[in-house]
Every structure is written in structure tokens, then in C-alpha cells.
There are 2 protein chains.
Amino acid sequence: MRDVHVGIIGLGNVGTGSLTILTENAAQLAQKLGFRLIVSAVCSRTAKSRALPAGLEAALVTEDWREVVAHPDVEIVAELIGGTTAAREIVEAAIAAGKAVVTANKELIALEGAALWRQAAARGVQLAIEASVCGGIPIHGVLREGIAADRLEAFYGILNGTSNYILSEIEQYNSEFDAVLAEAQRLGYAEADPTADVDGFDARSKLALLASLAFGVELTPSDIPTSGIRPITPVDFRYAAQLGCTIRLVCSAEATPAGLFLAVRPALIPKDAILASVRGAYNAVWTRGAYGADTFYYGKGAGPTPTGVAVVSDLMRVARDLRSGASGRVSPFGFTGPKPAKPRPIGEQQRAWYLRFRVQDRPGIIASLSAILAQHEISIDAVLQLPKEDWRNLPFVITVESTSGMRISRALEQMSGLDFMVEPPLAMPLEPGL
Amino acid sequence: MRDVHVGIIGLGNVGTGSLTILTENAAQLAQKLGFRLIVSAVCSRTAKSRALPAGLEAALVTEDWREVVAHPDVEIVAELIGGTTAAREIVEAAIAAGKAVVTANKELIALEGAALWRQAAARGVQLAIEASVCGGIPIHGVLREGIAADRLEAFYGILNGTSNYILSEIEQYNSEFDAVLAEAQRLGYAEADPTADVDGFDARSKLALLASLAFGVELTPSDIPTSGIRPITPVDFRYAAQLGCTIRLVCSAEATPAGLFLAVRPALIPKDAILASVRGAYNAVWTRGAYGADTFYYGKGAGPTPTGVAVVSDLMRVARDLRSGASGRVSPFGFTGPKPAKPRPIGEQQRAWYLRFRVQDRPGIIASLSAILAQHEISIDAVLQLPKEDWRNLPFVITVESTSGMRISRALEQMSGLDFMVEPPLAMPLEPGL
């Protein structure tokens, strides 16, 4: 069969990892495909001044992405520069030129994915987005095709490797958040500005994307209630352990008759749940389907070659489509015509809760707090207090039976005015059924 | 787009589960595909005398599979009867009639898959086999497309739910194999004749199939060294725990410069490896790639609707191919023209080993055994003996440093003649790097 020529735009981590695979692993790729994948054009601001891997001697090397898109041999353009402005221009230009597009761009797809797919479908070209979320896990393909026949009821993800690494370190070494973050930054596991990772915004974009695929809706990331891991302290892991649980930054989607609940937040999960075994900078996804019951997927969340596997596997898939005459075979979102949707207010969701307080100890504290909980019709399940803590900043925990997040918020608001509170209470749901 | 009509042959567990999904979930399937999947013909020996789900009123119901294959509307035939004789005839007849085939038939595909694919490719029709292994995990799609760009170095699977259930029960309740098996049979988790499950033959067929996909080779199941779980006793779990490990029936494939090592055997795996968290009647696959590092996939191994998800997801995929004009788009084996291959002799593989002995205790036993090990140049790592055991049938364990299975076999053979041995020693590898 005739070879397929591709153009690579962007030689950062992902571009470099993809080129490594396309050159080093070229023989096995050809053995799988029955034809070769040839890199005919490469664009980066530094491409001309750096050494490219062997096998690219004949490729056009340029600093102008338009030359890649316009290259007559190139049938598939890989957009690997990230960001949203130039990247969007590249993707739209490639689609307009009738070329298939593979992208690793999470922000672009979370914000503009549905609109770009409509352009691609209208032009009859493929848009492939596996690398945009959970680089090392082929989760798009799984949701779009692998378990497409199932009707998903719940989806839980650990989608941010940096937060998961930080939580794992706090748990293992009993260290404070700030110290672990500083060390992670020193080691290059966290960005100088860690907000996107530790405050949950990166995970939120990913959840929006994967929930679109899982439930056939078009979601706006900023509609998803999001909180990060900054308030988590070593003492929370010790209390969680007393409850047979650990703590993870959980991206959850729950389909109910009332609608879709979505959230990104730290949560307690049972230690023997398979999601609890995800430690360090890994990503994972757990699903529950009406027919297939529970399934679980795990791998590196990022990294040059793990994400490169996703990029090049998408190039292979699109190349197969091209050579078999089937461009635009399936929407990258799994559903035809997903509809814009708003999640249900998360305050309506029922959960058991972990409430951690820090107080200046004196008699009557439990009495005050339990009176407020009773007033909001919230039933206490257990009160936990570890020994040997400082009475001036005493951490203790109340767990309560399943109730709505709205009731919890109202009770906590009322509690926050109490004079013995050293800091605002921390509330985390206990995620059931994992 | 024009609807796609399918024919279902076989209404056992998998056929019934598939029909449930095709009828109950029809609206969501159509929303995903952009057209409907319509069941136009159903064949089973009991189809005429049983109630079929709503939505099949217009379907042809027959006891003759030839009528399904010949039905003019049917574009895809799902072969769900199992076995190899009639099933092969059905698949070949459907291919000859120019119809795509979806099958859940492990034995047939393990034995005849490559030959059937050659027929399908020659006729330009699709052959889809996701449901033939690990019903609830879309592992074929993952290996064939999701991580197709990676070059796999190792593959570990827990591929037999019955054995995994039995091992989990022995571990959790400290029960003997025979008692757990009898209970599993009473509960319907194990067959009256449990040989295929507990002696590893079912897992062996599945490993042959998945290793073909992962490494692009055509394997004969009977070439894979296989041993089952009958010799595992509660005491083995206690010794394994002392080593920080648990025991699973592990299907392993390791690509080395010397060739491909394949085995099905009980093995020790670290308790904190994610594969160790697979308990009960689940299946799981762990891979290590040259580029994507480690990934992991988990779900129900069998069951009417989990396997039905695999069948119907394959029907959707093939239907999309048909409507986009791309029949025969990709070999179900991931590689074009996989070549027949023999695994390397497993005795050449290097592993650390767990050796469990049962002896009639007297002075000099360790001296005899360690002399034999030394003679075969095998280094002892540790000697473990739990307290309070019967001296007439004393179990104890020697772990040895990494060495070839061949040396271990020779040493064990020499040991088996010793007069203090109550039964032949049990050797299990410690699987590293999971």
C-alpha cells in the first residue's frame, strides 16, 4: 500500500518523543500498518539549529508551520505546539487544506474541540485527539470504541500526575504540602507556577474532555466545581487511614436520573479500591457501566515518549483510515452531535463526608458542632481524635452519614464564625462503590 | 446514514447479553453511530420456544444458522455459539458470503484465527474478535490501535477469573484448594470439570491470542509452558506475605534479544504491584513498552453483559467501517502478516525463585538441600520457616537469587529422591518489575 506522509509541528517534549518513535520504531510501525509512515516536514522555532534523529534527512525543516500544512506530500498534520491561539490557527488551516489532524492539545480541545470537529466533519477529514488527555493511557479509544456499547453510570479519574505525586509524598513521608511542592519543583515534577496542577484546573479540562466522550455532552470546563489539594495535610492521611481510606484528587462524573454530577476535588477512597493503588505521577480512569460493570485503565499521565505513543498511534489509526478510504470515520467525541450541557449543581449530590476541624481546644466544642449538624439534619457517623496533638491547634475529624453537599456547605458556613476555629473546616466526600 | 442489520447466532450467556444491550441500549447506540444497529435474524436451538427481548418482533428467528448468514439484510454475523466445529463452519460461510464477522470464540480464534483472517482479508471483509478474550476489557483494541506505536517489552496478564477467584479465597480465608474449588463449583464460579480453568489451559489460549497481538507472531497454544494452581496451599500465601508478595496465576510474555519467553504459571508478585490488587473473578493486563512505560487494564473477565459489551462494541466498530466504506481496515491481529513463531525454551529465562518444600523434619535437611543448590551454582537468598508446624510434614521455603529455570528444574529433580521429602518441591518465580 502507498506510504502515508505526515508533518510534525512543534518539537517540545511531545514533538520530540513522537519523532523518536516515528524514526526508531519505523520498521515495526510499517510491519503493523503494511505501509510506511514517513515524516516529510517538521516545524519548530529551533528545528534548524538542532540535531534531528536519523531518518529525517529528506524532510523539510522549517520555522513556518504554513509550509508544513501546504506541503503537497503531507496527508496528516500533527499539531504539537500547545497553547490555543497559534494551535487553533494551525488546526483550522490544516482542516481547510483537507488534511487530517492529530493533536496533543488539551486546552484547545477542551475549549474548541466540538467546534473543530464540526469543521473537520464538514471537510471530511479526521481529527484525532488521543494524546490530549492522559498521554500514556489510550482512554479516548477505549471510551469511543472499546466499550462504546456500554452505558456509563460513573467515571472516576486521577488525571493530574503532579497532584497525585504530591499527595503520595505527603502520605508516604508525613511531609507538609509546601515542603513537598518545593521539592517537586526542584525535581522538575511541578511547574514554577503550580496553580494549574495543584488547584485542579488541569484536571478540570481533562474531566470535561473525557466526560464529553463518556456521556455524549459538550461541557464547558469552567462549569465544573473544582477544588485543589493545598488544604491537605499529613494529619488528613492519618485520619483517612483510621477510616480504611486514602486521599486522592478525584475527577468524578456520575450520571443520575436528575442529570450529570461533575467535580474535581480531594476525596477519600477506600484503601482496597483499585484507584487507591495509583501512586506517584500516574493517571488512571475507573468506569462503571450499566452492562460491563467496572473497568480500570492506568498509565503514565505525561512524558515525551508516553504521550508520543498516543500521538503516533493516532497517526497510525488515521493513516489506516486514509488508506482504506474511510476519512472522518468516527467523531473523536464518540457521539454524533453531542449537545451542550450544564452539570447538575454538585450541592445536590449525596455523599458521606469527612469534616476536619482545627480548633483551640476547650470544653463544649463537640457540643457546639453537633448542635449545628443536627440543626441541618446531618447525622454524625464518628468522631476521631488522634492522641498527642497541640491543644492550641487541635485537629480532629467528624464523619457524617450520606447527605447533600449543600447541607454540608451551610453547616460549615455557620461553623466558620465560631471563636474556637483556628482555620476554616475542610470537607471531603467519601467516594463510594469504587 | 443507512442502518446496519446484524444477525446473532447463539443465545447462550454471551448471545443473550449481547441481545439485551442491542435492544435496551438501542437509542444510545444510534446516538453514538448516527444510524441504527438492527437485529434482523437470530439463531439458536431454543430461539423459537423462548421469550426474546422487546424490539425483535420483526426479526427472523430460526434454528438454522444458514438462514442468518443468507439473510439478505444481514451485513454482520455475530458467531456466539462457542466450540470449534460448527463455529468454524459459520465463520467461514459468513466470510464466503461477503459478510463481516464478530466472534466471541476464544478456542476458535486461538487455533484458527490467523487462517480465518487470511480468508476474511482475501474476501475484503472485517473479522472482529474483541470478545474472544477478557470480555470486559477492551484489550484487543488497546493493543491493536490504542498503543500500537509502542514496542512492547513485557506483558503480564491475569486471564482466568476462576483461578483468580480461587487464589483470592485461599489467601483471604486460609482455606485449602479442594475446599475452595468445591465451594466455587457449588456457587457456579467453577465448572464441574475445572481442568481448563485451574490447570491453566484456558489462560494459555488467551495468552497465545494476546501475545500474537502484542508481538506480531502466530503462536500455537500448546507450545506455551503451562502449570496450574492445584499445588498452591494457604501456607504459600503466608510465606509469600513474609516476602512482601502475593500469588497469582500469571500469564507472562517477555520479549528479549534471544526471543519471546511465554509462560502460564503461579508466580509471586509484589503486594504493592498494581497487578496484586486484582482480586476475585477479574481479569487484568499489565504491559511495559519501550516508549510508553507501564500501562494496566482491568475488568470483568466474563459474564453475559460484560462480554456483550465487547460483542456489541465490535458490531459498532465494524458497522462504522461498513458505512464509511472501509471494510477490512485493520487486521484483528494488529500486524500485517504475523509469522508463525515458537517461544524460547522457558528454562533459559532468569528469575529469582521461591522453592517450597514439605519434609519429615530431622537434622541435616538444610545442609542436603543447600549442597545440591550449590552444586547447580544456585545462590540461596533466604530460608523461611513459620513456627508451629507439624514436624512430620513440615513446610519451609528457600528463596534463591536470579537463575535459569533449567537449573532450578535439575536441582529439584535431584532433590526429589531425598528420603525426607513428603511431596515434590513447589517452585514459583518471583516476577520482577511489575
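User: How many bridges join β1(B) to strand β2 of chain B?
Analyst: This is a predicted model, in which local features need pLDDT of at least 70, side-chain atom pairs count only at pLDDT 80 or more, and totals for chains, interfaces and linings use all residues. Residues are numbered from 1 along each chain as its sequence is written, while chains are lettered from A and ligands numbered from 1 in the order in which they are written. Strands (E, at least two residues) and helices (H or I, at least four) are DSSP runs numbered from the N terminus, and two strands pair if DSSP finds at least two bridges between them. β1(B) and β2 (residues 37–43) of chain B run parallel, and the number of bridges joining them is six.

User: Which residue is the bridge partner of I9(B) in β2(B)?
Analyst: β1(B) and β2(B) run parallel. Within β2(B), the partner of I9(B) is C43(B).

User: Which residue of β4(B) is the bridge partner of G7(B)?
Analyst: Strand β1 (residues 4–9) of chain B is also joined to strand β4 (residues 74–79) of chain B, in parallel, by five bridges. One residue pair there places I8(B) opposite A78(B). For G7(B), the partner in β4(B) is V77(B).

User: How many of the six residues of β1(B) are buried?
Analyst: A residue is buried if 20 or more other C-beta atoms lie within 10 Å of its own, exposed if 12 or fewer, and partly exposed in between, with C-beta atoms placed from the backbone. β1(B) is mostly covered by this criterion, and the buried count among its six residues is five.

User: Which are the edge strands of the open sheet in chain B?
Analyst: Six strands of chain B form an open sheet with parallel pairing, in the order β3-β2-β1-β4-β5-β6. An edge strand here pairs on one side only, and the two are β3 (60–62) and β6 (127–128) of chain B.

User: In chain A, which residue is the bridge partner of I8(A) in β4(A)?
Analyst: Chain A has an open sheet of six strands in the order β3-β2-β1-β4-β5-β6, paired in parallel. β1 (residues 4–9) and β4 (residues 74–79) of chain A pair over five bridges in the parallel sense. In β4(A), I8(A) has as its partner A78(A).

User: Which element supplies the largest share of the side of chain A that touches chain B?
Analyst: Two residues are in contact if their C-beta atoms, placed from the backbone, lie within 7 Å. The contact takes 51 residues from chain A and 51 residues from chain B. On the side of chain A, at least two residues each come from α2 (26–33), α6 (139–146), β12 (293–300) and α12 (304–323). The largest share, ten residues, comes from α12(A).

User: Which residue in β12(B) stands opposite G299(A)?
Analyst: β12(A) and β12 (residues 293–300) of chain B run antiparallel and are joined by five bridges. The residue opposite G299(A) is T295(B).

User: How far apart are the centres of domain 1 and domain 2 of chain A?
Analyst: An automatic or database domain assignment gives the bounds: domain 1 (4–136 + 303–340), domain 2 (142–300) and domain 3 (346–430) of chain A. Taken over C-alpha atoms, the centres of domain 1 and domain 2 of chain A are separated by 28 Å.

User: Which element gives the largest share of the side of domain 1 of chain A that touches domain 2 of chain A?
Analyst: The contact takes 21 residues from domain 1 of chain A and 19 residues from domain 2 of chain A. On the domain 1 side, α5 (106–123) and β13 (339–340) of chain A each supply at least two residues. The largest share, six residues, comes from α5(A).

User: Why does E130(A) count as buried?
Analyst: E130(A) is found in the loop between β6 and α6 of chain A. Leaving aside neighbours within four places in sequence, the contacts of E130(A) include P138(A), H140(A) and D314(A). E130(A) counts as buried because the number of other C-beta atoms within 10 Å is 29.
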